[in-house]
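Hello,

Here is the structure I promised to pass on to you. Please have a look at it first, and then read my notes below.

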Amino acid sequence: MEEKILKKDEIGKLYSEFGSEYNFYAPVKKKGNIVFEKIENPDDIKLDYLNSRIPPKSILFPQSEVLFEYSLDEKDVEITDRQDLDEKYMILGIRPCDAYSYVLFANFFSSHGNWKDEIYLKKKENTTLIGIGCNTPRTTCFCTSVGGNPFNKENMDVFLRDLGETYLVEAISDKGKEIVKKLSWLSDANDKDVKKSQELAKQAEESIVTKMDVDKIVNTLETSFDHPVWDEISEVCIGCGSCSYLCPTCTCFDVIDETDQYEHKGRRIRIWDTCQSCLYTLETSGHNPRDTKIQRCRNRIMHKFSYYPTNYDLLGCVGCGRCIMVCPANNDLRDHLRKIEKIEKKEENVVV
Amino acid sequence: MGIETENKEIEIGIRENAKKLLSEKQVDVVIGYSEGTVPLSSTPIIIRKEEDVDKLVWNNLCYINIARYLAPLMPQLCDSEGNSLKIGIVAKGCVGRAVNILATEKQVNLENIKMIGFNCNGNVNRSRIDLEIGEKEILEILIVDNDIIVKGKDWEQKFPYDEYINELCKVCQVKSPSATAESCVGECQELESIHDEFADVAEFETKSAEEKWAYIKEALEPCTLCYSCRQACPVCYCNLCFVDQNLPVWFGKTTELTDVIIFHLIRAFHLAGRCVACGACSSVCPVGIDLNIITRKLEEIVKKRYNFTSGLSAETVPPMMDFSMDDEEEFMLEED
């Protein structure tokens, strides 16, 4: 049988096997929140978690990231590029929803004409995902409505399924097969293990209570740009950025230069930005095409459920429910989508 | 009387007053709280019709300070010409304080506002409960007698109410809005002055400077600069916050500790004599940061130096908006 069995107390052995070759990331509990961190002590790894508060997008797309450093004098600028792009990453314990967000990121960073974002794409290429199925989706989860599944293994290299005492290990990609081959100490799985994992997957899928007709939503949004529903949706939003900062698919960033005038050097930094900030679309002229909360709230939903499908034929939401959990005003995305779902589409409004 | 019964009475009072204000056309809308869609939350709501008042709730999870919707006034509270509607606002003590501060700072016109006052019995410390429950999904929160009952699938945990409310609610002395002329209906009280003990501040001050610094650094380590604390703050209403200034850039925007600390400390300083101790900033933080001890210290300084407590009245000018030639300036020369 191709599937293998990893005992729960052997997780540390994965780290000792790969910790020196890879930057080894896994979920750990830090001050009550689950976060993905570079592991130094394998005892910290916590795989039985609901979902991390901060999405693992931050591993390959840190909140602030130095793109390059420079030194300058009156005549010349000298640029020092990143030297660490060949480093390898291994991410253990990533959920299917978050793993799919990496696909969206890679798409975003490679689909602007001929320009490719070397920094992100190289890191992505050097990354191995050892994902894990989601036995207990939250009530706020809706991955099955956006094309996902709690046991979707598609975007993983190796996929684990938690069977209680052990993990069922399945190699998915060629990269994953190489990894599993190296773990010669894994025992073979039997039919009972596979059957149990299938039952767990079925249970998990059935436990997802939020269901939406996302195709209808995408379709309705095409003609709903000026619909009064946006007034309602934005009503109690307080205008912070937690929904987008903690969204695994939000890619927006700002770029700033920090120059040290005395030392004649500096660095260019990429920092997460959010379309919920009033500065986001502020133009040099002083004009701001999205200067109200209503427009900004609309943009967040439009981007994920209309612009993404139109431009890339992909959905920009993975259904993880983080924005629902963290919104200070409990401005629930599920409610918004249901409201949009109910709008009757008027054909004459279609913009051609 | 148990918290549960108190809540029911408060809720009935809020609904009755809201209904009265709407039916008598004293207000066009009422802002209050409604049941949240996830446990440990509530959603602010705008009630426009009398028949909707039963959507208003009081359940000790109403942590947003809804005065923040008044400044800047949200578009849904304006008429088609952009003028303020007549607004009824469900006002626990700290919402009332915030409305008064906004009035003294000329951000709201009290003529347009009716506060529906009641004696607040505190808000559940949601981050603390979240932290103690850990990686189990909370499905329901109930207040039964004087306990907070947290339920999940196949499990239940009980927390004593008095212990698990916000730290600021524990020391709160302003349970209801002050009976500012004309603006208050319901249970509003005369609050000319209050006495506050600041035992929490005194306790923090027993730490050494290094320990305090370590505490602040550790607290701020997970900050993502999402600014939900600023956005939730009823008295943070600047058109352009100092951290958003980009011509020139005043402060770094990275999540390195220096930048994060500068944001949090300067925001705290801007709240001297203005913070209304509602705890919205810590309640809304998606990563559970609570630095209220700093604003408590500022509250203490302002209280001791100027005998002033923010938001007790809409008439008294706050000390930081005022000066007197006799103001002591010993801090200009002296070293601590």
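What follows is a short tour of some strands in chain A. Please keep in mind that this is a predicted model.

Let me start with strand S9, residues 166-171 of chain A. Buried or exposed: what are the residues of this strand? By the count of 20 or more other C-beta atoms within 10 Å, 6 of the 6 residues of S9(A) are buried, so the strand is largely enclosed by the rest of the structure. Thr166(A), Leu168(A) and Glu170(A) point one way from S9(A), while Tyr167(A), Val169(A) and Ala171(A) point the other way.

S9(A) has antiparallel pairings with strand S1 (residues 4-7), over 4 bridges, and with strand S8 (residues 158-162), over 5 bridges. S8(A) and S9(A) form a hairpin with 3 residues between the strands, where Gly164(A) takes a positive phi near 110°.

Next, there is an open sheet to look at. Its 4 strands run in the order S5-S4-S12-S11 in chain A, with antiparallel pairing. Strand S5 (77-81) and strand S11 (253-260) are the edge strands, each pairing on one side only. From one strand to the next, the twist averages 25°.

S11(A) pairs with strand S12 (residues 265-272) over 8 bridges, in the antiparallel sense.

Enjoy exploring!

Best wishes

Technical notes: Residues numbered from 1 in each chain as written. Chains lettered and ligands numbered in written order. Predicted model: local features only at pLDDT ≥ 70, side-chain atom pairs only at ≥ 80, totals over all residues. Pairing = 2+ DSSP bridges. Helix = DSSP H or I, 4+ residues; strand = E, 2+ residues; numbered from the N terminus. Axes fitted to C-alpha atoms, helices over the stretch in contact; angles between N-to-C directions. Buried ≥ 20, exposed ≤ 12 C-beta atoms within 10 Å, placed from the backbone.
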